[in-house]
Amino acid sequence: MTIRRRQISFRQTIVILCALAAVVPMFVLAIPFVAKLTVSMGESADRELRLVADSVERELQFQLSQIISQSRSLTQDGDIGRAVRSILFLNRADIQLRNLLTQHQVIAGAYLLNIRQEIVTAYPDRLIQIQLPVALMDTARNTMKSAENQKNHSLVVTALTEDPAFANQVDSSSVPILFYMTIPVPGVMDSPAGALVIVVSMHRLNQLANGLAHPPTEIDLKLLTVPFQSESEANYFGAMAPVKWPSPFEDPRALVVTVREPSHYRLAAIKTTALRWSGLAVLLAMVFGLLGYRLSRSLSAPLALLTSYAEAFGKKDYSVSDTRSRFSDFSAMFLAFADMAKRVEQQVADERARVALELNVLRNQMSPHFLFNSLNSVATMITIDQAEATSMVTKLSDLYRSILNASKSTTWSLQTEMDLVRNYLALESIRFAERLQYSIEIPTELQNIQVPPLLVQTLVENAIKHGIAPSREGGRVWIKAKSTGPDWCHFTIANSGAPFKPMSSNSQGTGLLNSKLRLDMLYGGDSHFHIGPTEDGTSTVTFRMARGLHQVQEDEK
Amino acid sequence: MTTTGILVGLILFTVTTSSLQAKDSAVLWHSLNGKPAELLRQFIFEFNRKHPGALREETGIDLIPALLTQMETGTLPDAVLAPSDVIGIVKKVNGSRIPHDFVHQPMSPEVRSTVSIGGIPWGVPILDGNTLLLMYNRRRFREEKPQGRDWAIPARLLQDFAARFSGPSSRSLPVAWKFDEPYLFLAFASAYGVRPESESIDLAAPAVTRALEEYQQLGRSFPVLAKCGYDCVAERFYRGEFSAVINGDWALDAAIQVLGPDLGVAPLPIFGTGKMRSLRATHALFFPGQSLSGPRGKVLKEFSQFLTLKKNQKRWQDFAHRVPANTTLQEEMAHHENPLDQALIQALEQSTVIPSSEQMLVLWQALGKGLHLLLNGTLSVKESQEYMVSLIQSPSSK
């Protein structure tokens, strides 16, 4: 079973990596930070709300203490005392009550009652027509009685009323709870002349408390259900009791301040920030992704170009049109690729030429004249000497087998070449008889050097063709090779007979030209191929070959 | 004796003599403002030239509450120059009766009645009037030529007012006054038959109910009028926001100073079918704490006589545009060519004397409070009337 791996392009990789590089650090850093911040803000919120609660409690205590204190002072005021006895001081009493309420917004109203609990005056004005509940009047009466009995005009009696109708009329709020204070107004001879009733609104207390906090923080005031034990003035606002109870002096209560804040308030800021960061991360991912895309295009374009060149190479197109790139590395790569392409192209061209040349050689070797002449000789020999004819056919067979073998490799040993040359010369000797003389001088140490196939044979054939064959007397062919150093050996193929003629476009020139070309292919100009006459009239072809030339099989090309 | 010792001695002497002088000076409380206050100060100055350090004034005091309060502490002033209805508390503050030959000044019965309770005089009238006047900007009205003593009544003016006040459909506000002032309300209520009786006014009377209803309706028809305070009859009148205002003769001098010849004065207009009648009182000297019998009684007598000298009485008229209590001078004013003088006298004649009684003091308080509660919508007419009556009848009014 093969597992097929899904491939992903370079461009996609770059884009994803860039986007991740922008986004991942942000989230990796932001998430723990946000978590920590949330916890910290929660703790901070708790502390702040506790501080707010403490502050509200202190403010309420202060306000209510102030109200008690100022109300007591008011009852001691001469104008108030005279007002409960004479309406001539009504205006002054109104001013005093107005001042008191102006200073304390939590006071919903104030009544001044005379000795018979009749309303002398009230503030705000509309309270004139709002009769006090019976229970409150009873409280006022009892307060005055107690003050007289105890000789205590500092008495402050508080009570609670849950009379919704009265509360609504006084305070215009839906909160039915009011608590009020009755304070005796001293008259002559330590007898109270009246009473001051201060009505405090729970609704306004709530408003006062909430005014101390900033939205969305809310403050709620509630009365404890458990009776409050302390009777000290500082805990006044605990000294309350429902009017409905038999006695208004029992079971003082306390206010509980509760501070609330919606949990999402502070977290909203964090959430908003987190959302913003997420949005920013997405934006960054998009931006960096785009940049990555551009980058990848810049990077992959040269690679794509290189790919196209490589594909063209496969189609034997070695042209590299554009070697320029924004990146120096890629430019260097293109230049190297172009250089390689050029060399490959040259090599391919050379190989083609070599192959063409080899084929040409082979084609030349396959010249029908030699075969024609040889077969004629064989035919003649058959009638004369069958054994000789058979020998000729054998040699001819060997020769052409060798020629066929020559096409399989680019080189073979000098020994093989010389065997072929001997066979050839032997066959030519039959044809030319005494007209052809030849000598071969090849040192033993050179037998194994690699030479291009049919190189020497071609030159020998050329020598016979242009030197021996045209001459009536015939001539001699010398074949010599000698070592000229560790790397080279020198070859001479000379012939006598017909005088030397310079190379031309005829067949003599073609064989020599092919040989020269073959040597040039192998050695460039280092083969020193030379052809020319000598002083004694022989034609000589000299060249050199490397002693270390490796044999390359045809199937390895 | 060292220099220091001399200096200390001088300081002690100065302080001692000052305090002695202060102790010997008679203290006069009053509630006058403007030109009348200035004139009174001048009188005191002139009097003190003959009687060095005899008298000093104290002003800016809420007289009734202050007197009642001071009564408790025993530090009453020697004399009080106040509207005659303040005399209603003369018994509470242990005031001195005025002896028969205390001053020699011709006084009309009306003037005399303002300072008498039960036929017994308790004060010395100095000024007469405290009447309400219709003050108008003459540039806004066409006046007819005065005919005899009816000079001050521009017929066209009255017709305009009558027409404009004929019903709530009227849009323009012809005249303004301090709407929640009981003194003005009673003048308005007089058009509906509300009159002072012997010692007080019966606030329970149906006429009062009617007057309260009309007054409430008037305020609703003219919200600008309903909100009018002192600024309406002063700055806003002078600026021309109101063409005419109803104000007391105590404000006449200030109006003259601002408007000059453009100020016109006329008696009160007609409402419906009734004509407004102002109340009337004198400004009188009275002497709480039996001061006439005290060490400064002589000074007080001399000062009273000084103020009631005819030449000094005339100075109230000439300088402060107030009507003197001297009847002879009043008669002379009536024949003056000066239209203002004639208007003042005519206003006096057309006004009703306020009873000088303790009940009136209570009434002012009750009326003031009740009117305030009516006009601010706290109480209805019936409720406010009942409230006023209850205040008057409560034990605290006694």
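Hi everyone, let me start with one residue: setting aside neighbours within four places in sequence, A:Thr492 is in contact with A:Trp478, A:Ile479, A:Lys480, A:Thr540, A:Val541 and A:Thr542, where contact means heavy atoms within 4.5 Å. Before I go on, a word on the source: this is a predicted model, where local features need pLDDT of at least 70, side-chain atom pairs count only at pLDDT 80 or more, and totals for chains, interfaces and linings use all residues. Residues are numbered from 1 along each chain as its sequence is written, chains are lettered from A and ligands numbered from 1 in the order in which they are written, and side-chain values use heavy atoms, with hydrogens and water left out.

Back to A:Thr492, which sits in strand β12 of chain A, residues 488–495; strands here are DSSP runs of E with at least two residues, helices are runs of H or I with at least four, and both are numbered from the N terminus. Is A:Thr492 buried or exposed? A:Thr492 is buried, because its relative accessible area is 19% and the cut-off for buried is under 20%, with exposed over 50% and partly exposed in between (1.4 Å probe, protein chains only). A:Cys489 is buried too, at 0% relative accessibility.

Now to the two chains. Chain A brings 21 residues to the contact and chain B brings 25 residues. Together they bury about 1,900 Å², with 56% of it on carbon and sulfur atoms; buried area is the accessible area (1.4 Å probe) that two parts lose on being put together, summed over both. Of the area that chain A buries against chain B, 37% comes from A:Ile87, A:Leu88 and A:Asp125, more than from any other three residues.

How many salt bridges cross this interface? The rule finds three, a salt bridge being a side-chain nitrogen of Lys or Arg within 4 Å of a carboxyl oxygen of Asp or Glu. One of them pairs A:Arg82 with B:Glu72, with the closest N and O atoms 3.0 Å apart. On chain A's side, the elements giving two or more residues are α2 (78–83), α3 (90–103) and β2 (119–123), and α3(A) gives the most, with four residues.

Last stop, the disulfide. Over all chains the structure holds one, defined as a pair of cysteine sulfur atoms within 2.5 Å. B:Cys228 and B:Cys232 form it, with their sulfur atoms 2.0 Å apart. Their link is left-handed, at -90 degrees about the S-S bond, and both cysteines are buried. Thanks, and I'm happy to chat!
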